[in-house]
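Hi everyone, thanks for coming. Let's take a walk through a protein together, from the overall picture down to a few residues.

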Amino acid sequence: MQALTHNALSLLIVQWVVIIGLSRLIGRGARWLGQPLVIAEVLAGILLGPSLLGWVAPEVMGTLFPASSMPVLTMLSQVGLILFMFLIGLELDPRVLRGQGRASLFISHTSILVPFALGALAALVLHPRVSEPSVPFFSFVLFMGAAMSVTAFAVLARILSEHGLLRSKVGMLALTCAAVDDVTAWCLLAFVVSLVRASDLMHAAYTTLFALLYVGFMLGLVRPFLARLGARVANKEGLTQNVVALTLMMLLASAWATERIGIHALFGAFLFGLIIPKEGGLAEALAEKLEDVVVVLLLPVFFAYSGLRTQVGLLEGASDWALCGLILLVACVGKFGGTAVAARLTGMRWREAGALGVLLNTRGLIELIVLNIGLDLGVISPKLFTMLVVMAMVTALMTSPLLRWMYPPEEVARDRVPLEPLVPTAGQSPFTVLMCVSEGQTGAGMPTLGRALTGAPGESFQLYALHLVPPAGRASAHLRSEQARGGGDALVPLVERAGGLGLRVRPLSFVSAEPALDICRTAEAKQADLILLGWHKPLFSRPLPGGTVHEVMRAAGTGVAVLVDRGLERVRRVLVPFSGGPDDQAALALARRLMRSSGAEVTVLRVTVPGGEPGPSRSRAMVDELFPERSGRVRVQEVVHASAEEAVLAEARRGYDLLVVGVGSGWGLEDGEPPTSLLVVRHPGRAIATEPAGDAHGAAPELPADTAA
C-alpha cells in the first residue's frame with residue numbers, strides 16, 4: 001500500500017479509484033434490490049470511513065485516508081457539490097409549479113411546516129444532550145427544523161421515473177412539493193448560516209439583506225442575459241466551448257459571491273442553475289455536458305468524505321440509539337404523516353396520500369449536504385451528525401419498498417396521466433387499442449391498421465399510443481424523457497399519420513425498467529381490447545418473437561397482435577391461414593372486425609397435406625358461424641400442398657394488403673419472407689409457451705366467442 005501512495009498525487013489517484021470502484025460495485029447490488037444508485041454511493045462512503053474500514057483494518061484506513069489528505073478531499077468534494085447544486089438548479093423547472101392548484105400548495109406548505117415544527121420540538125430534547133454548549137439554541141432549533149424539511153429532489157426524480165410515476169397525479173404532486181420544499185429549506189438554511197457566521201444580530205441582518213439584494217440582482221439582470229444567451233445557443237451557434245466557459249465562470253462567480261456574503265457557496269451555485277431558462281435547450285445541453293463527470297467522478301468523493309466523518313462508534317449505549325430512533329421517528333412522522341394527512345384533506349385516496357407521503361420522506365443526498373454544512377459550521381456535533389446520517393440513510397432505503405407496498409404497479413398504471421385529456425364516451429364500452437411503439441419506423445403502419453379496426457358505423461373507440469423510455473443513469477435524463485410530449489421522435493410518424501387519417505390518438509410515454517409488464521399493466525388500466533405491437537426487425541427470431549414482444553404475448557390478459565409493417569397503406573384484401581387452433585380463431589375474429597369496420601375482403605386459406613384430411617366442412621362451418629353477414633366479402637379457399645408455409649406465401653403474393661396469422665398455429669412464417677405486411681395474433685387470455693404450440697393440420701376445438709369485436 002505504501003508503494004502505491006508514495007506521493008500526494010499517487011495517493012489521490014488511488015483514493016479516487018477505490019471510491020468510484022466501490023460505489024459502482026455496491027451500486028450493482030443496490031439496483032438488484034430496487035434501490036437508487038445514490039444509496040450505494042452513500043453506503044460506500046460510510047464503509048470506507050471509521051464505521052467499518054477504520055474498525056476492521058485501521059492501518060489500511062490510515063494509509064489510504066491519512067489526515068494529511070483530508071484537505072484535498074475536502075476541496076474536491078466542495079467543487080463537486082458546487083457543480084452538483086448547479087445541476088439541481090438546472091433540473092428544478094419553475095413550470096412544474098404552474099397549474100398545480102390550491103391542493104398542491106396546501107400539501108407542500110404542510111410538508112414543510114409540520115416536519116419543521118417537529119424538528120424544532122426535537123431540538124428541545126437534543127440540544128442539552130448531543131450539542132456543544134457554545135451552540136446558540138435558536139440557531140440549533142432553526143437548523144434542526146430545516147434539516148427535517150428537506151426532500152432529496154434528484155433522488156426523488158430517479159425513484160419516480162423507475163416506478164413510472166413521473167406522469168402520474170401522485171408523481172407530479174411529489175415533484176411540485178419537493179421543489180417547493182427544497183427551495184424553502186435552502187432559504188431557511190441560508191438564514192441559519194448567516195446567523196451562525198455573523199458575530200451579532202446586526203451582522204446577521206446585514207447578511208440577510210445582502211443575500212436578498214443578490215437574489216434580486218440575479219433575477220433582474222443576470223436572468224435576462226441568460227435568456228438571450230439561451231436563445232442564441234438554440235438558434236445560431238449551439239453550445240460552444242466559449243459558451244460553456246462563460247457559463248462556468250458565471251457559476252463560480254455566483255458561488256464566490258454567496259460565500260463572500262456569508263451564506264455559503266452552494267447557495268450561489270443552486271441559484272445560478274435555478275435562473276437559467278429551461279426553454280431553448282441551454283439547460284439541457286449544459287446538463288448533458290456536466291452531469292456524468294460530476295455524478296461519476298466528483299460526487300463520490302463527497303460521499304467518501306461524509307463517510308469518513310460518520311462515526312457509528314460514537315453512538316454508545318441504549319440512550320444514544322434511543323435518541324437516534326427519536327430522530328428517525330420525528331423525521332418520518334413529520335414528512336410522511338404531515339404530507340399524507342394534508343393530501344387526504346384535499347380529497348386524495350389514502351393509498352395516493354400515503355404514496356405521496358412516502359415519496360416526500362425521501363432524503364439521502366441533499367440531507368447529507370445539509371448535514372455537512374451544519375457540521376462544518378459547528379451547529380451539530382459529530383455524534384448528532386452520525387445520528388442524522390443514519391436517519392437520512394434509513395428514510396432513503398425505505399422509500400422504494402414502502403412505495404411498492406403502498407402503491408403497487410397496478411395502481412401506478414391506473415394513475416398515469418395521458419398527455420391529452422381523456423373525454424369519456426357515453427353508452428357502450430368503446431373498443432380500445434393500445435399501440436406500442438419502440439422505434440419511429442415501427443409506428444408508421446399502425447394508424448392504418450387502427451383506422452381499419454375502428455371504422456364501423458356507430459361504434460365508439462379509443463386509441464392510445466404508448467412509448468416506453470429505457471431508464472437512464474441521470475436524473476435529468478429521466479425528467480427530459482418524461483416531459484417530452486408524446487414520447488419524443490418515436491411517436492411522431494404514428495401521430496402524424498393518424499392525424500392525416502382523421503384519427504385521434506392519445507399518446508402516453510414514461511420511463512420503464514420492465515417494458516413488458518408495464519405494457520400489460522397499462523393495457524389493463526386502459527381496459528384495452530387489443531395490444532398492438534410493432535416489430536422493427538425484418539424477420540421474427542426463431543421460433544417466436546423474442547424479448548419484450550414475447551413477454552407481452554406470454555403475460556397479457558387481453559388480445560395481442562404484432563405488426564410487421566412492409567409499407568401498409570390500406571387494408572382492402574386480407575388473407576387468413578386457418579387451421580382451427582385458438583390463435584387462428586383469434587386471427588379470424590380480428591379479420592371479421594377488419595371486414596365490418598373497413599369493408600375488407602377476407603380470404604380464409606385452409607391447407608391440407610397430400611393424403612391428409614381436407615376437412616372443408618369444418619372450415620366452412622367456422623367461417624359461417626363467425627361471418628354470418630359476409631355477403632360475398634369472405635371466401636374459403638382449400639389448398640392441397642406438401643408445405644403449409646409455401647402454400648401461404650404463394651397465396652400471399654397475389655396482391656393482399658395484410659396477412660393475419662395465429663402465433664401458435666405452426667405455419668412457419670416466422671422464418672419466411674412474407675411479401676406483404678404481417679399481423680401475428682395471440683388468442684386473448686392464453687399464455688403462449690416458449691415453443692410454438694398447435695398443429696396446422698390438427699382438429700379444431702370449440703369456437704370461442706368473438707373476443708376481438
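This is a predicted model: local features need pLDDT of at least 70, side-chain atom pairs count only at pLDDT 80 or more; totals for chains, interfaces and linings use all residues.

The protein chain has 26 helices and 10 strands. Of its 709 residues, 57% are buried. If we take the contacts with a separation of 6 or more, 80% of them join residues 24 or more positions apart.

Now let's go inside. Which residues touch the most other members of the largest nonpolar core? They are I369, I380 and L384, in a core of 137 residues. Helix 9, residues 169–197, gives this core its largest share, with 14 residues. Apart from this core lies another one of 39 residues, including A561, V576, F578 and A600.

Let's look at I369 for a moment. Beyond its neighbours within four places in sequence, I369 is in contact with L81, F84, M85, W186, L266 and F302.

The accessible surface of the chain comes to about 28,700 Å², and carbon and sulfur atoms hold 62% of that. M202, Y206, L209, F210 and L213 make a nonpolar surface patch of about 530 Å². Y206 lies in helix 10, which runs over residues 201–237. Is Y206 buried, partly exposed or exposed? Its relative accessibility is 45%, so Y206 counts as partly exposed.

How values were computed: Residues are numbered from 1 along each chain as its sequence is written. Side-chain values use heavy atoms; hydrogens and water are left out. Patches are made of residues with over 30% relative accessible area and no salt bridge: like charges are joined within 9 Å, nonpolar side chains (Val, Leu, Ile, Met, Phe, Trp, Tyr) within 5 Å. Accessible areas come from the Shrake-Rupley method with a 1.4 Å probe; for residues, only the protein chains shown count as cover. A salt bridge is a side-chain nitrogen of Lys or Arg within 4 Å of a carboxyl oxygen of Asp or Glu. Helices (H or I, at least four residues) and strands (E, at least two) are DSSP runs, numbered from the N terminus. Buried means under 20% relative accessible area, exposed over 50%, partly exposed in between (1.4 Å probe, protein chains only). Contact means heavy atoms within 4.5 Å. A nonpolar core is a set of buried Ala, Val, Leu, Ile, Met, Phe, Trp, Tyr and Cys residues joined through side-chain atoms within 4.5 Å.
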